[in-house]
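Please read them with the sequence and the structure open.

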Amino acid sequence: MRDDRTGDFGSGTAALKAIADAEGIVVSGSATTGPADAALWDRVKRRLRSELGEDVFQSWFARVEFAEADGLSVNLTVPTRFLKSWIQAHYIEKLLGLWQAEIESIRRIELVVRGTIRARPLARVEPVVAVSEPAASQPTLLPAAPVIIAAPQRADSEGPGSPVDPRFSFETFCEGSANRVAYAAARAIAETPSGRPTAYNPLYLHAGVGRGKTHLLHAIAQAARAADPARKVVYLTAEHFMFRFVASLKNQSAIAFKESLREIDLLLIDDLQFLQGKSVQQEFCHMLNALIDGARQVVVAADRPAADLETLDERVRSRLRGGVAFEIDAPDLDLRRQILKSRYRLAQGQNTGVAIPDTVIEYVAQSVVSNGRDLEGALNRLVAQWQFTNQPVTMASAEITLRDLVGAREPRRVKIEDIQKVVAVHFNVSKADLLSSRRTRTIVRPRQIAMYLSKTLTPRSLPEIGRRFGGRDHTTVLHAVRKVEELMRDDRNLAEEVELLRRMIDE
């Protein structure tokens, strides 16, 4: 039944639960640590120890502690910045996968150094944030991604936006042929006065991880606010929008939340691929239409073209395709050199005496080709090597330190439809059989393998995969994944067959 207090939907706990249950969204009123969360962390640790071995576990995870979970993210604490950097570089995807096996809605693992000192809140228009600084006893590497904590606010006055990182400005953005057009469009939007239409509305930026999408969105927000402090600029991640919308239903404040969004002059939406839920997407579409029709500027970023966001409402995709879309390509050699030189200057300012030969910098630029984030990670490792060994960085030592990053390339984006097609042809069944309710052995095993490959080769959540396999429940997908993992451990022929399918899909 319609409830006028919330607009189009019912209110209170019942509405929250209905949306969460129906659409696979896990909502928590607050980020707290309880026995259930601790038990989940214990299970994750047991799987880490089993999959990585006791030596690796004791080296890197024995001192990792669970802090809190809020349904979308998990906070873990570590004793040193070096340990944080190493886990982020080598094991963050493994951690995320293990947590998602326990809670399918988890989208992010955040590592926080225990005992960090929070700086005073920065003087900004909105929102005010505090950025953690490393403790004096810890060595300083390149400035790591800051732990951003919203300044205390009254619940009824909280703004709708996500925090903006002050380090991500146009001045710190490295421009090259791979991102020049996107960079120019972003600057034009930031410099256009409020109320004056641009040719880029909506502007849609898409690229793989680590290529600068989020940096550009933060830079637009900061430059637009600096040019016109009265301009209402809001940066939002898709997760934040989704969580705030469902929470507004719970708090019976949906109308106020919708009105606050539709008064925005410049809206920046990041990671749109994570937007899920029919009701959430409907409200997002209404907001998008209202802003664009009212000559308000909208900028959206995602990890793939709008047409490839299969789970996104077709009306939203159509609206995005009606604007201007630019792809940010992988950095070429000149841009990689520029990124490394820029980050190396920062490292020298943070670490007196650090010296990395030009030949090693050139080796990194030539060898680490996937994205800018890997380049920063490579330089971080070399600085850490210099700090902790008290030995000069040489080409030989750099090759050892960076061996897992050298030659790493952006993996091809795989669609669930690709997996279903390859598996169906390989096992001589039809795609309709994979999606059907038939439970014969000749159908069940290929279906389970297709679900397993969908979980391991795509970023899709368990509920999404279940919906793409004939509307199955997420527990069915989880059972299939665990069943195939178990069979592969005991049956070498099956393991080789699954690996063959993986290569066929990748090609």
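1. How many of the five residues of β8 are buried? Five of its five residues are buried, so the strand counts as mostly covered; buried means under 20% relative accessible area, exposed over 50%, and partly exposed in between, with a 1.4 Å probe and protein chains only. Val233, Tyr235 and Thr237 point one way from β8, while Val234 and Leu236 point the other way, and all are buried.

2. On the source: this is a predicted model, in which local features need pLDDT of at least 70 and side-chain atom pairs count only at pLDDT 80 or more, while totals for chains, interfaces and linings use all residues. Residues are numbered from 1 along each chain as its sequence is written, and side-chain values use heavy atoms, with hydrogens and water left out.

3. The overall make-up comes to 21 helices and 11 strands. Helices (H or I, at least four residues) and strands (E, at least two) are DSSP runs, numbered from the N terminus. The chain has 507 residues, of which 50% count as buried. Of the contacts in the chain with a separation of 6 or more, 74% are between residues 24 or more positions apart; contact means heavy atoms within 4.5 Å.

4. β8 belongs to an open sheet of five strands in the order β8-β9-β10-β7-β11, with parallel pairing. Two strands pair if DSSP finds at least two bridges between them. The edge strands are β8 (233–237) and β11 (324–327), each of which pairs on one side only. From one strand to the next the twist averages 15 degrees. Axes here are lines fitted to C-alpha atoms, for helices over the stretch in contact, and angles run from 0 to 180 degrees between N-to-C directions.

5. β8 pairs with strand β9 (residues 266–270) in the parallel sense over five bridges. Val234 stands opposite Leu267 in β9, and Tyr235 stands opposite Leu268 in β9. Helix α6 (residues 180–191) packs on this sheet and touches β7 (203–206), β9, β10 (297–302) and β11. The direction of α6 makes about 145 degrees with that of β7. Helix α8 (residues 238–250) lies across β8 and β9 and runs at about 90 degrees to β8.

6. A second sheet to look at is open, with three strands in the order β1-β2-β3 and mixed pairing. β1 (65–69) and β3 (108–113) stand at the edges with a single partner strand each, so one side of each has no neighbour in the sheet. The twist averages 25 degrees from one strand to the next. Strand β2 (residues 73–78) and β3 pair in the parallel sense over six bridges, and Ser73 stands opposite Arg108 in β3. Helix α5 (residues 92–102) packs on the sheet, touching β1, β2 and β3, and its direction makes about 125 degrees with that of β3.

7. Does the span of helix α18 agree or disagree with its length in residues? At 1.5 Å a residue, the 17 residues of α18 (residues 441–457) should span 24 Å, and its end C-alpha atoms are 24 Å apart, which agrees. The expected span is 1.5 Å times one less than the number of residues. α18 is mostly covered, with 13 of its 17 residues buried.

8. Some backbone points deserve a check. A cis peptide bond joins Asn201 and Pro202, with omega about -5 degrees, and Pro202 is found in the loop between α6 and β7. Asp271 has phi near 55 degrees, a positive value in a residue other than glycine. Asp271 lies in the loop between β9 and α10 (278–293) and is partly exposed, with a relative accessible area of 25%. Phi of Asn390 is also near 55 degrees; Asn390 lies in the loop between α14 (372–389) and α15 (395–401) and is exposed, at 67% relative accessible area.

9. Which residues does Glu283 contact, leaving aside its neighbours within four places in sequence? They are Phe241, Phe245, Lys258 and Arg262. Glu283 is found in helix α10 and is buried, with a relative accessible area of 2%.
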